[in-house]
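Okay, thanks for coming, everyone.

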Amino acid sequence: QVQLVESGGGLVQPGGSLRLSCAASRSIFSINAMGWYRQAPGKEREWVALFTSGNTTNYAASVKGRFTISRDNAKNTVYLQMNSLKPEDTAVYYCNAVTVGIGAKLSNYWGQGTQVTVSS
């Protein structure tokens, strides 16, 4: 089991920055993949940025060059630094963790979400 707690959302003007945090309840070394997804009103949830095996990072095309995912292993925390924010970045942002258990069973965990609103 992994509990995830997000923080750092809020209201920001276009062009501004925010940093989201996701604290995990156990060592992130034991988690196979972690990252961020978002869901805007009336739209499906979409992935934003991910850490996968070997500490590889991946970004959605819509955020590449503006968002940066990072991690602090000592704090069991993953961050999402969001710069040059646009109104279309407005969404609820969710932290996600995937573990692989016995028999290669995948388990998917989600945080409660944090609202990001980009508006003037």
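This is a predicted model: local features need pLDDT of at least 70, side-chain atom pairs count only at pLDDT 80 or more; totals for chains, interfaces and linings use all residues.

Let me start with the rule I used: a salt bridge here is a side-chain nitrogen of Lys or Arg within 4 Å of a carboxyl oxygen of Asp or Glu. Residues are numbered from 1 along each chain as its sequence is written, and side-chain values use heavy atoms, with hydrogens and water left out.

So, how many salt bridges does that rule give? The count is 3. Take Glu46 and Arg38: their closest N and O atoms are 2.7 Å apart, which makes them a salt bridge. On accessibility, I call a residue buried under 20% relative accessible area, exposed over 50%, and partly exposed in between, with a 1.4 Å probe and protein chains only. Glu46 comes out partly exposed, because its relative accessibility is 36%. Arg38, on the other hand, is buried at 6%.

Helices (H or I, at least four residues) and strands (E, at least two) are DSSP runs, numbered from the N terminus, and two strands pair if DSSP finds at least two bridges between them. Strand E4, residues 33–39, pairs with strand E5, residues 46–52, in the antiparallel sense, with 5 bridges. Leu50 has Asn58 in E6 as its bridge partner.

Back to the charges. Arg38 also forms a salt bridge with Asp89, with the closest N and O atoms 2.9 Å apart. That pair links distant parts of the chain: Asp89 is in the loop between strand E8 (77–82) and strand E9 (91–100), Arg38 is in strand E4, and they are 51 residues apart. Is Asp89 buried or exposed? Asp89 is buried, at a relative accessible area of 1%.

Asp89 has a salt bridge with Arg66 as well, at 2.8 Å from N to O. Arg66 lies in the loop between E6 and strand E7 (67–72), and Asp89 in the loop between E8 and E9, so this pair ties together parts 23 residues apart in sequence. Arg66 and Asp89 are both buried. Through shared partners, the salt bridges join Arg38, Glu46, Arg66 and Asp89 into one network.

Next, the aromatics. Rings of Phe, Tyr and Trp (its six-membered ring) pair if their centres lie within 6.5 Å; planes under 30 degrees apart are stacked, over 60 edge-to-face, and the rest tilted. Searching the whole structure gives 2 such pairs. Tyr37 and Trp110 have ring centres 5.0 Å apart and planes at 75°, so they are edge-to-face. Tyr37 is in strand E4 and Trp110 in strand E10 (residues 106–110), 73 residues apart. Trp110 is partly exposed, at 34%.

With Tyr94, Trp110 has a centre distance of 6.4 Å and planes at 90°, so that pair is edge-to-face too. Tyr94 is buried, at 15%. Tyr37, Tyr94 and Trp110 form one aromatic cluster.

Last item: a charge sits over a ring if NZ of Lys or CZ of Arg is within 6 Å of the ring centre and within 35 degrees of the ring normal. Arg45 lies over the face of Tyr94, 3.7 Å from the ring centre, and over the face of Trp110, at 4.5 Å.
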